[in-house]
Amino acid sequence: MRSSSPLPRMSRRGRVTIAVLVAVFVLFTLLGWGVQAWTDWLWFDEVRYTEVFTGVLLTRLLLFLVIGFGMAVIVGGNLWLAYRLRPRLRPHSVEQATLERYRMALTPRLGTWIALASAVIGLFAGLSAQSRWSQWLLFRNGGDFGIKDPEFGVDLGFYVFQLPFWRYLLGVGFTAVVLAVIGALAVHYLFGGVRLQGVGDRMSNAARGHLSSLVAVFVLLKAVAYVLDRRAMLLEYNEGAKLYGAGYADVNALLPAKEILAYISIVVAIAIIVFSNAWMRNLVWPGISLALLGVSAVAIGGIYPWAVQTFEVKPSAKDKEAPYIQRSIDATRAAFGLAATETTPYAANNYTPPGNLATDTSVVSNVRLLDPQLVSETYTQLQQVRGFYDFGPKLDIDRYGVNGKTSDYVVGVREINYGELTDQQNTWINRHTVYTHGYGLVAAPANQVVCGGQPFFVSGFLGERTQEACSSQTEQIPAKQPRIYYGERMAADDYAIVGQSDPNKKAEFDRPVGEGGGESYTYTGEGGVKIGSFTRRLLYAIKEQESNFLLSEAVNKDSKLLYVRNPRDRVEKVAPFLTLDGDPYPAVVDGRVQWIVDGYTTAATYPYAERVNLQTETTDELTNRGTFQLARENVNYMRNSVKATVDAYDGTVTLYEYDDTDPVLKAWNKAFGGDLIQPKAEIPVELTEHLRYPADMFKVQRNLLTKFHVTNPGDFYSAQDFWQVPNVPDAPDSGQKQPPYYLFTQFPGQEGPRFQLTSAVTPNGRQNLAALISGSYIDGKPRLEVLELPDQTRISGPVQVHQQMTNNANIRQQLTLLSSNQAQVQYGNLLSLPFADGMLYVEPVYVKSNQQDAYPLLQKVLLSYGDGGSFVALADNINDGIKQLVEQGKKAGQGTSPPPTTGGNPTSPTPTPTGTPSPTPSTSNPPPTGALAAAADRVQAAITEVRAAQTSGDFERYGRALKALDEALTAFQQAQQAAGAPSGGPTPSVSPSAGG
């Protein structure tokens, strides 16, 4: 029988060769996996989080085995059953004669072929299943939210914890049945149970019964899918309302349709079994049943909901969708922590700088002048000392209490940048055993500059301080252990080998001393994996593919290996279930430098909540410039539930619970034994003083508040009151959003200065200021606050203010003098500060020489008060600028107009303080109000854009600006006529000349 097989036999040598190649491949694969698993275990043992390693590994293995074995059994069992149900006698035909050759080849080893095919299918199913470890752990350990969905009254825990895994299992079931049908059909055809030619039935009774049963199971699974789809409808996008969650047509048409289709599916499944096997024993009626199911799905589940949406909802969508819009608003505000947002009206009706601006101690004295992005170069040049030290492209903001006063400081860590090592320094010995760490946290007050615009450094010094006025003579923020072995500049392959058996032999470069000299050091911390034994050295030689682990004398019996040295990577490895903030920051806590990393718990199945993409929502000007870009993760639930710390010296990772009400964090903590996260009460007091509102969480909340500050469903549907985040003020055409900024300041309604993250927003499609949003912590609780300006406010937004200040004729002349072929002007953060029912804008002006190794120096400060253009100043420092604004305000109050500016309205009456009679003669026209004032503001904005376009030399932009100005003037004239204003009333100046 075997000699007649159409398949040629392979020679013994060929079989041996293939076996050896397969064995070598398997050996190296298993060796690589084993080395990776062993070294991971050693690393987790070092950081004392082995429960995470074992928990994830065992869960992956369990899912791989269960799902893989289950899929293999289902598919393999049906293949074997199809073979056992083969007809003993087959009619003669050309088709069967052709198939006989394949039957003869496969039959002797059919069990082997079925096992092999099932194993391959099971392997891929298992590999897919093991990636669902997070869903399974939440499914098993999730609890209740204590909140029920508004449609079915089901606890939200079902949607967040249960529904994702149920849907996955349903998908596995569909896949298994489809593969079983395809495989069984093939076997039945091969062995004559299904025939395309010959006399008699085309399908044997056994084959018909087998295949129809599988089809019936598929239809039953479809019934289950319809049931789950009813719940999942609360997660789908509602086109009618442009929100997530079931709308009017979904609830009143599609929801009952899904229920009906579920019952129809059950009836069809029964009909398939009965008609195929028990009664008529043919496929006609089963086929008709399936066709009716398809027609029902189209008619009931498609046409009927479409008709309701088209003919009932669309004509009166605002009223029909209102209850469901309200559901989405409430769910989104709850899911993203917006429900407790405090919104306070802010009049913003004072356009004249008040006299107390010069004596204020809560806002003006705390104005941050140092931009953490720009001064990073300054830190590097002034505090670098050696070329291989670096502070990164962006520094951080934190607050410290020094001499009894709390202020915000710009802080940075002096780290090793291995990319800056010279060719002579960049050897394996130097890179991994000599240059192992950085030194010191360097800080400077954010509101102070010295020595021609330099930061006033108060910490992180490398040696003896000389009598200089450019830095503190003592360490004002002392660190008992200033060495930095773990930092943001560390790449994945930047491991360090530390430790010496000889206490007198110190191999590590510690810090520079004198001219070209340096001190040496030996690491004494608890961190690191011991690699003194030959086995460990061999293990890591294989892992790192580096023979020096075995050959170099630098590796001794007391050596330790420090790896995964980036703080964000360490936390991500310890807590893989968290989404981490993109901006870790250092702080001196109890004398040690600690990296603080914010961790978020997220979900994507919160009913009715808006779904956002984290990467899209958090990307702005600073992304990838000292911050990490978040992954493309779609979520509709987010909590800042964890504050993680990483010790910069020994790498200790600690996870602290910060939101003790988050059900998702409780589920994860339970999944890993219950002790993974330390309770909130155990957060050290000194650490609490440095916790700050996380930037990425704030960006997501701010972006959502641009729409979801509107809580009335009718207003939300009309979308007239939506806001937008402005672009970067000094480069609005770049399309990059203005980042939020940290300030230590006091906003109206707050009891005192507070460290908070703030952002300005403008009306959608307009450039005037709409609101200020701030996030801060009060007694360990997050608080979001919104200062909302009136709809018709004349206060300019950040982009307008920057253009108005820099286009002022006098200021433009001074800025031109600062910039030349030898230097360039750079603008710092444009700060929006509410003060005395008005708005104070402050923007630092830096000058950077074009010479090599030059760094930015703070030279001037731009200030504006009121509507953005009437009162502006460019001064050498903040105090002089405030004095100029106050003086301009006094002149305005006395009837003397301030110097004309291109951003203001030189022909309009100057605003006067509330209660002060205007000195303007009675024949003067009153200032415009209401719609007329809005039209005037639009004209002024158009004029500003014309001048900006003219200055830039962009003729295309200039043409667009002129067209916009013409439209604005037309609208202003129409507003004049509607208001009944006299023709000689106040009219904005329309001269587009740059000189004003």
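Predicted model: local features only at pLDDT ≥ 70, side-chain atom pairs only at ≥ 80, totals over all residues.
Q: Is Gln800 buried or exposed?
A: Buried means under 20% relative accessible area, exposed means over 50%, and partly exposed is in between, using a 1.4 Å probe and protein chains only. Gln800 counts as buried because its relative accessibility is 11%.

Q: And which residues does Gln800 touch?
A: A contact is heavy atoms within 4.5 Å. Leaving out residues up to four places away in sequence, Gln800 touches Gln767, Asn768 and Ala941.

Q: Zooming out, what does the chain contain in helices and strands?
A: There are 26 helices and 34 strands. Of the 996 residues in the chain, 53% are buried. Among contacts with a separation of 6 or more, 68% are between residues 24 or more positions apart. The accessible surface (Shrake-Rupley, 1.4 Å probe; for residues, only the protein chains shown count as cover) comes to about 44300 Å², and carbon and sulfur atoms account for 55% of that.

Q: How do I read strand pairing, say between E20 and E23?
A: Strands of a sheet pair through backbone hydrogen bonds, either parallel or antiparallel. The working rule is that two strands pair if DSSP finds at least two bridges between them. E20 and E23 are antiparallel partners with 9 bridges, and Thr601 stands opposite Arg639 in E23.

Q: What happens in the turn between E19 and E20?
A: These two form a hairpin with 2 residues between them, and Asp590 in the turn has a positive phi of about 55 degrees. The hairpin of E23 and E24 has 5 residues between its strands, and Gly651 takes a positive phi near 75 degrees.

Q: Which way do the residues of E24 point?
A: In a regular strand the side chains alternate between the two faces of the sheet. In E24, Val653, Leu655 and Glu657 point one way, while Thr654 and Tyr656 point the other. E24 pairs antiparallel with strand E23 (637-647) over 5 bridges, and Lys643 faces Tyr656.

Q: What is the strand order in the open sheet of 3 strands?
A: The order is E13-E17-E16, with antiparallel pairing. Strands E13 (496-498) and E16 (529-530) are the edges, each pairing on one side only. E13 and E17 (residues 560-562) share 3 bridges, and Ile497 has Leu561 as its bridge partner in E17.

Q: Now Tyr741: which residues does it touch?
A: Beyond four places in sequence, Tyr741 touches Arg368, Gln756, Leu757, Thr758, Leu830, Leu831 and Ser832. Tyr741 lies in strand E26, residues 741-745, and counts as buried because its relative accessible area is 4%. The C-alpha atoms of Tyr741 and Asp371 are 9.6 Å from each other, though the two are 370 residues apart along the chain.

Q: Last one: which residues make the nonpolar surface patch?
A: A patch takes residues with over 30% relative accessible area and no salt bridge, joining like charges within 9 Å and nonpolar side chains (Val, Leu, Ile, Met, Phe, Trp, Tyr) within 5 Å. A salt bridge is a side-chain nitrogen of Lys or Arg within 4 Å of a carboxyl oxygen of Asp or Glu. This patch of about 1000 Å² is made by Val16, Val20, Val24, Leu27, Phe28, Leu31, Phe534, Leu538, Ile542, Leu550 and Leu551. Helices H1 (12-47), H14 (534-544) and H15 (548-551) each supply at least two of its residues, and H1 has the largest share, 6 residues. Val20, found in H1, is partly exposed, with a relative accessible area of 45%.

Technical notes. Residues numbered from 1 in each chain as written. Heavy atoms only, no water. Helix = DSSP H or I, 4+ residues; strand = E, 2+ residues; numbered from the N terminus.
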